[in-house]
Amino acid sequence: MKIREYVGDHRSTLLDDLDQWLRIPGISAQPDRHGDVRRSADWLAEALRRTGFPTVEVWDEDGPWLPAVYGEWRSADPEAPTVLVYGHHDVQPVDPIELWHTDPFDPTIDGDLLRARGASDDKGQLLFHLLGLRAHLAATGRDTPAVTLKYVIEGEEESGSPHFEELLAAHRERLDCDVVVVTDTGMIAADVPSTVTGMRGMVAATVNLHGPDLDLHSGVFGGAVPNPATAIAHLVAALHDEQGRVQVPGFYDDVLELTAQERELFARVPADDTEFLAVAQSRALTGEAGFSTLERLGARPTAEVNGIGGGYQGAGHKTIIPSDAFAKLSFRLVAAQDPAKIIKGVEQFVAEHVPDGITASLDWEGRGVRACLVPLETPAYTALTDAIGAAFDGADVLPTREGGSGPEAALQQAVDAPLVFLGVGLPDDQIHAPNEKVNLSMLFKGAEATAHLWARFAEVGRAALRSSVR
């Protein structure tokens, strides 16, 4: 049986599974939903067993992490490559609930669109893997996959994967592999097959400024003592110069610049800034001068002010010099930037921009995460693009970069194996926002690509795949 024929004949199975799984509100960020995270893990574990995985475990008893799911299905070929598939089964909170057009945990289909929290990020993308695996077996007539498959599906990604490195260390021997496939990303457009070739890293902090030890009357003391709210405004305004470049000391020292080939490939991507602005519901573009929107989003580091405040926030006026002010900052990093070095640079920047009479403290959200990069023209990347191209009737597959951040670099470092991305989400899927959706046609394409990918990895072989390690 052909792969596309099998996927077409079994679409209802994917839809039935989505309807069941998406109803489980496994929100890792909310402690009162942690029981639902466990239910979500149990549901996925049973789905893996139904698919045929002989080894399935829920990892939640030997560490502080929320339940993660591990599945393993060894190929009958002892020389077959081992593939580790990564994704996550937890979902984002649904607030503000009043902006949803439908119940976020009551999956609703309208034509090609399925709306529910987790439909695109990441449950729908994980389930296309199971359909694709069944299609692979049917098309090849095999009883076992052409590659040894291992799945590690965490339950804390939407909370920043705070314990993922500990989980990897605890189960390191089980996770040995020749290549990693991440399925938590997307494509440029439904008619433009693409694959992510890098994800940015991140560090984030809250900058706290303290001035007088109590709020002061602005008429009696204003103009004579330093104002923390004014100071925090000056500090965040100084983050960028007029060309949009970040002014943190040493910020660009280790940036791995785009090659001429990569810039040419980026230029081939049919990106439309007007459409981008429409999706963003914004009225203007900004960013570092000299780079396109796509390059800014995925290949350049950034600094953003995520929140700022201080002093009176109620109705009317309270004429004070506030005692305290704060700003929440995040820095997206690209390949070769070291989070620890950026943290030191930000601390130096803050120290240089705090006036006398005001003290500063920084609360960092962990140690940050590194960026990861997929080298082009390696056996692993070529096999991936061949598989995606086959699902899209031989179309060229373009590389792109993901602007977001995740634990992929930590995973790659832990297993010391090449990493590629197979994702089919679209820019307008509204992940992390109300009315999240997924295009069902994209999930079916993802299933086809998966079915092709396992055969192509088997053809490439273990030694060639391992040679893709950067």
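These are my notebook entries on what I looked up in this predicted model.

**Ground rules.** Residues count from 1 along each chain as its sequence is written, and side-chain values use heavy atoms, without hydrogens or water. Local features need pLDDT of at least 70 and side-chain atom pairs 80 or more, while totals for chains, interfaces and linings use all residues.

**Entry 1: two helices.** I looked up H2 (residues 11-21) and H14 (residues 440-460). Helices are DSSP runs of H or I with at least four residues, strands are runs of E with at least two, and both are numbered from the N terminus. The two axes come within 11 Å and cross at roughly 115°. Axes here are lines fitted to C-alpha atoms, for helices over the stretch in contact, and angles run from 0 to 180 degrees between N-to-C directions. I noted which residues meet: Arg11, Leu14, Leu15 and Leu18 from H2, with Leu440, Leu443 and Phe444 from H14. Contact means heavy atoms within 4.5 Å. By class, this contact has 6 nonpolar, no polar and 1 charged residues. Ala, Val, Leu, Ile, Met, Phe, Trp, Tyr, Cys and Pro count as nonpolar; Asp, Glu, Lys and Arg as charged; the others, Gly among them, as polar.

**Entry 2: the cores.** A nonpolar core is a set of buried Ala, Val, Leu, Ile, Met, Phe, Trp, Tyr and Cys residues joined through side-chain atoms within 4.5 Å. Buried means under 20% relative accessible area, exposed over 50%, and partly exposed in between (1.4 Å probe, protein chains only). The largest core holds 89 residues. Phe53, Val83, Val180, Val181, Trp454 and Phe457 have the most contacts inside it. H14 gives the most to this core, with 10 residues. A separate second core has 27 residues, including Leu239 and Phe331. I then checked Phe457, leaving aside neighbours within four places in sequence. Among its contacts are Pro81, Val147, Ala380 and Leu465.

**Entry 3: rings.** I searched the whole structure and found 8 aromatic pairs. Rings of Phe, Tyr and Trp (its six-membered ring) pair if their centres lie within 6.5 Å; planes under 30 degrees apart are stacked, over 60 edge-to-face, the rest tilted. Phe53 and Tyr151 are edge-to-face, at 5.1 Å centre to centre and 70° between planes. They sit 98 residues apart: Phe53 in the loop between H3 (34-51) and S1 (55-59), Tyr151 in S6 (residues 148-154). Both are buried. Trp454 and Phe457 have centres 6.3 Å apart and planes at 35°, so this pair is tilted. They are 3 residues apart in H14, about one helical turn. Ring pairs also join Phe53, Trp73 and Tyr151 into a cluster.

Entry 4: Most residues other than glycine have a negative phi, and most peptide bonds are trans. I looked for exceptions. A cis bond joins Asp95 and Pro96, with omega about -5°. Pro96 is in the loop between S3 (82-88) and S4 (108-110). Another cis bond joins Asp121 and Asp122, with omega about 15°. Gln281 is not a glycine, yet has a positive phi of about 50°. Asn435 also has a positive phi, about 65°.

Asn435 is buried, at 7%.
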